[in-house]
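User: Hi! Could you walk me through this one?
Analyst: Happy to, let's bring it up.

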Amino acid sequence: MILFTLAWRNLWRNKRRTLITAASVFFAVLLAILMRSLQEGSYEKMIENIVSFYTGYAQIHKEGYWDEQSLDNSFEIVPALETLMNNEPLLQESVSRLESFALASSGEVSEGCLVVGTHPETENHLTNLSGMVQKGQYFKSGEKSVLVATGLAEKLNLSVNDTLILISQGYQGVTAAGKYPISGLVKFGNPELNGRLVYLPLPVAQDFYGATNRLTSYALAIDDPHKVPQLVSQLRSGLDESYEVMSWAEMMPELVQLIEADRGGGILMMGILYLIIGFGMFGTVLMMTAERQYEFGVMTAIGMKKSRLAAIITIETIFISMIGVIAGALASLPLVIYYHYNPIYLGDKISEAYAEFGMEAVFPMAISPTIFLTQAIVVFVFACLVCIYPAWKILHLNPIKAMHS
């Protein structure tokens with residue numbers, strides 16, 4: 001305790017030097033936390049926009065369906081599976097879907113399309129599909145009608161209340177054919193989806209494909225995206241090998257790679273920031289060691305062990321770092337909380353451009369203890385590295401030369 005007491009008192013013998021060094025650490029921690037929080041928050045928002053657009057945070061399929069998306073790899077709706085999902089506390093909602101391809105035609109024009117049979121109510125909760133309706137009305141469960149993407153409707157020269165003809169191969173090779181009135185046109189930001197999607201009520205799609213009581217997937221929604229791996233693990237443990245449960249990261253590895261690449265760039269920028277601060281800390285410690293040579297010489301001459309003196313200087317440096325880290329974390333916390341609940345808005349013009357791709361032009365900050373803890377660890381490591389020089393200098397100190405200097 002004596003060493004800690006001496007180190008603490010030594011800090012305030014030269015308040016200006018202590019405050020300058022602590023301020024450099026303070027601003028580094030403040031900027032690093034804000035930058036990391038904004039970066040991670042933007043990732044979370046991007047993931048939310050993409051997965052809520054169609055896939056959900058996780059999906060349940062029959063084993064092998066994701067590699068070969070065919071109706072022959074569909075599965076029958078069984079009460080045990082429904083019960084398992086209803087009893088899962090992490091699961092917010094599940095959307096039943098039957099998906100397959102078909103040939104859409106009108107008059108002499110035809111185009112390939114992706115038909116999605118779903119429950120209109122639960123689908124709307126997950127993807128806000130009703131908000132994408134550009135013309136007409138959102139379809140209902142009891143109606144034998146369809147929603148058609150605007151790009152596909154333009155290719156087929158169709159509009160609301162016109163009839164869409166679908167031809168395909170159904171479950172186990174049966175012939176599938178039907179005609180359906182168009183209740184509404186929906187516009188997707190993704191040009192590929194906007195040129196091929198058709199939505200049918202689930203019972204109508206099952207009847208069309210001859211796949212009574214069958215599904216190709218359950219799209220799953222969850223309140224806390226950070227608990228997706230836990231949800232997937234728990235569902236896998238409750239299902240047999242005939243099913244597969246996949247998270248959004250497994251279904252969209254390209255998005256994961258994009259995020260990791262961008263995150264790497266952010267870490268590189270923070271590394272440069274901390275490298276600059278590290279040299280600033282080292283310069284301060286270098287100056288402190290040089291101007292206290294006489295003091296060190298006197299202390300060792302009257303009998304103080306060099307190892308204890310080196311320990312005091314090390315503790316001083318760590319104290320300064322802790323002051324900067326704690327002050328930076330406390331200063332950043334209100335800003336992070338505020339911008340988490342009040343995201344940065346990019347303006348109306350940019351918002352319109354983002355809306356074209358089904359995304360919000362807002363950047364929230366992420367609240368995560370890991371972000372704050374990481375900065376403390378990084379600064380502590382730098383402090384330990386900086387302490388090497390004064391400790392080495394003291395251990396090799398010649399008291400007579402030091403007092404003469």
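**Overall build**

Analyst: The protein chain has 16 helices and 14 strands; helices (H or I, at least four residues) and strands (E, at least two) are DSSP runs, numbered from the N terminus. This is a predicted model, where local features need pLDDT of at least 70, side-chain atom pairs count only at pLDDT 80 or more, and totals for chains, interfaces and linings use all residues. Residues are numbered from 1 along each chain as its sequence is written, and side-chain values use heavy atoms, with hydrogens and water left out.

User: New topic: is strand 11 mostly covered or open?
Analyst: Mostly covered: six of its six residues, 217-222, are buried (under 20% relative accessible area, 1.4 Å probe, protein chains only). On one side sit Ser217, Ala219 and Ala221, and on the other Tyr218, Leu220 and Ile222.

User: Which way does strand 3 run against strand 11?
Analyst: Antiparallel, with six bridges joining strand 3 (residues 91-106) to strand 11. Leu91 has Ile222 as its bridge partner.

User: How many bridges link strand 1 and strand 11?
Analyst: Three, also in the antiparallel sense, with strand 1 covering residues 58-62. Gln59 is partnered with Ala219 there. Pairing requires DSSP to find at least two bridges between two strands.

Definitions and conventions
Buried < 20%, exposed > 50% of the residue type's maximum accessible area, 1.4 Å probe, protein only.
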